[in-house]
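Here's a quick briefing to read alongside the structure. Have a look at the picture first, then work through the points below.

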Amino acid sequence: MNKDFAVIGLGRFGGSICRELSKEGMHVLAIDSDEERINEYKNIAYHTVLADSTDEDALKEIGISNFDHVVVAIGENIQASILTAVILTDMGVNKITVKAQNDYHEKILNKIGVHQVVHPERDMGKRLAHNFISSNILDYLELSDDHSIVEVKAGERMIGKSLIELDIRANFGCNIVAIKKGHEINVSPSADQELREGDVLIVIGADKDITRFERELVID
Ligand code: ATP
């Protein structure tokens, strides 16, 4: 079932969300206070509206509370982003995602009760940093301040060994939730599963445990 999305702010981030959702066949209402930006998205989004999202009446007129998911991607103007978020939460919008510009902005958005706060530059920086440390660390997803999921290529020290031999849970305190072998993904792999070159492990755990696991088994 298609969801109705509204994206407020068509900068690089909001614009890319709008393009991708539209490409996937979703109905997207693109909102921006800049006429040029709106014109740019006329042929991309399902519908475009030139409006200032800090204007509560304008948002009411648009019927913003009827949308399944509203994304606020106003970057520079933190005040406008916060005010928009307050209006949307007050209106009881079903799902609100807001792009945060910095940690302070993020804290306020969480306090307001925004359902999802994203910090794309910071998160991408973290993911890249992990990949710079080792090309075996393919991806990194922060679950909370101190827990993450990482996707790692089996390091040399893991090849030919089974999960029970490596005993990652006992030795490092983290869990292998899945193993990808080529196109196949094996969720909850059995303990006797032997690791081969090119296998990719999805590991979940506390950051300190994951770091230890990476240092000892992943980074060649
Ligand atoms: P990105 O890195 O994603 O490009 P940015 O930090 O450059 O983000 P801005 O350019 O500050 O983001 O804002 C993104 C868009 O939000 C702009 O097109 C701007 O016109 C729009 N915008 C800013 N304030 C409002 C507002 N109050 N109502 C609607 N749109 C707004």
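Let's start with Ser-134, which sits in the loop between α6 (120-133) and β7 (137-142). Helices (H or I, at least four residues) and strands (E, at least two) are DSSP runs, numbered from the N terminus. Keep in mind that this is a predicted model, where local features need pLDDT of at least 70, side-chain atom pairs count only at pLDDT 80 or more, and totals for chains, interfaces and linings use all residues. Residues are numbered from 1 along each chain as its sequence is written, and side-chain values use heavy atoms, leaving out hydrogens and water.

- Ser-134 has a relative accessible area of 7%, so it counts as buried (under 20%, with a 1.4 Å probe and protein chains only).
- A polar atom of the Ser-134 side chain lies 2.9 Å from the backbone nitrogen of Asn-136.
- Leaving aside neighbours within four places in sequence, Ser-134 is in contact (heavy atoms within 4.5 Å) with Val-218 and Ile-219.

**The stretch 2-118**

- Across residues 2-118, the chain is 42% helix and 22% strand.
- The end C-alpha atoms of that stretch are 23 Å apart.

**Around the ligand**

- Of the 19 residues around the ligand, Arg-12, Phe-13, Asp-32, Arg-37 and Glu-76 come nearest.
- A backbone N or O atom of Phe-13 is 2.7 Å from a ligand oxygen atom.
- For Asp-52, a polar side-chain atom lies 2.9 Å from a nitrogen atom of the ligand.
- A polar backbone atom of Ser-33 is 3.2 Å from a ligand nitrogen atom.

Key. Buried means under 20% relative accessible area, exposed over 50%, partly exposed in between (1.4 Å probe, protein chains only). A polar contact is a pair of N or O atoms within 3.5 Å; within protein, one must be able to donate a hydrogen and the other to accept it, and residues adjacent in sequence count only if both atoms are side-chain atoms. A residue is near a molecule or strand if one of its heavy atoms lies within 4 Å of it.
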